[in-house]
Amino acid sequence: LEILITKLRELCPRANMLALSATIKNAKELSEWLNATLILSDFRPVKLYQGVSHNSKIVFPENNRSYQLSEMESEEAIVENTLDMQKQCLFFVSTRRSAESLAEKLCKIVKFKLKKGEHFQLETLGSDIENTLENPTKQCKRLAKCIKHGVAFHHAGLLRKQKSEIEENFRSGLVKVICATPTLAMGVNIPAFRAIIRDAKRYYPSLGAVYIPVLDYYQMIGRAGRPQYDEYGESILIAKDEDEVHDLTERFIYGEPEQIISKLAIEPILRVHTLALLA
């Protein structure tokens, strides 16, 4: 994007440019680079409350609100609580495999919370999704089985038609829960009442499991809260123990998003773009 903007400014110096972001911290620095007027606003049409779940409870430290959950595992208890409120939720996990296995796990809760008539609609939707290809793959069948119970998984490995069907039926309220990889956090408008981050850590080959950037956290929780449907939205981090409750609260709920930096300081990237310009 940095190179594209640079080329556009060179080719069309008089073009007007509008740059929008909900999460960039050093917007002033970017506006100076773009020679643009900076307009800042903290307005959000739906209030968002950030919480942490642990030990059968969800606590929102900013306003001391809390929910008592049932004695099931965190993911299942949160889904049960959400559906009892007649709401929908979105889970973020770190891998495609996790998205698929969590969706299957949550089916046993969601299928008993469906309204009259929704079973038939979901059965039809599941069949459509399964038969997107002439010869359904194992993944198509797995997705269809989840859809028939009101749950979907969503990741880059799905077909475009399958993804759009899931998104559309989540917006309409027919699909109750989506388990997704972080790709769904970027630029896709499928707001839910709750955005739940189960995996706050991501695995990197040279580093092992490390916490995701605060910038990514803000992108994910931005999916929560639906204008015209909800008076407020909720984001929930799932902690494994008391120590992690404290870590997640300090790092993400009270943390500041990282500044974005130019990638051209990285030699291989600079070399590729310099050679591209010359060519």
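Which residues in H4 meet Gln139, Arg142 and Cys146 in H6? They are Glu100, Ser101, Ala103, Glu104 and Cys107, where meeting means contact, that is, heavy atoms within 4.5 Å. Before we go further, note that this is a predicted model, in which local features need pLDDT of at least 70, side-chain atom pairs count only at pLDDT 80 or more, and totals for chains, interfaces and linings use all residues. Residues are numbered from 1 along each chain as its sequence is written, and side-chain values use heavy atoms, with hydrogens and water left out.

Let's stay with the two helices for a moment. Helices are DSSP runs of H or I with at least four residues, strands are runs of E with at least two, and both are numbered from the N terminus. The axes of H4 (residues 96-110) and H6 (residues 138-147) come within 9 Å and cross at roughly 35°; such axes are lines fitted to C-alpha atoms over the stretch in contact, with angles from 0 to 180 degrees between N-to-C directions. By class, their contact has 3 nonpolar, 2 polar and 3 charged residues. Here Ala, Val, Leu, Ile, Met, Phe, Trp, Tyr, Cys and Pro count as nonpolar, Asp, Glu, Lys and Arg as charged, and the others, Gly among them, as polar.

Now turn to helix H3 (residues 74-84), where 8 of the 11 residues are buried, meaning under 20% relative accessible area, with exposed over 50% and partly exposed in between (1.4 Å probe, protein chains only). Among the buried ones are Ile78, Val79 and Leu83, but also Glu75 and Glu76. After H3 comes Gln86, with a positive phi near 65°.

The aromatic rings are our next stop. Rings of Phe, Tyr and Trp (its six-membered ring) pair if their centres lie within 6.5 Å; planes under 30 degrees apart count as stacked, over 60 as edge-to-face and the rest as tilted. The count comes to 6 aromatic pairs. One of them is the edge-to-face pair of Tyr211 and Phe252, at 5.9 Å centre to centre and 80° between the planes. Tyr211 lies in strand S9 (residues 208-211) and Phe252 in helix H9 (residues 242-253), so this pair ties together parts that are 41 residues apart in sequence. Both Tyr211 and Phe252 are buried.

Tyr217 and Tyr218 are also edge-to-face, because their planes stand at 65°, with ring centres 5.6 Å apart. Tyr217 is buried, at 1% relative accessible area, whereas Tyr218 is partly exposed, at 25%. Tyr211, Tyr217, Tyr218 and Phe252 form one aromatic cluster.
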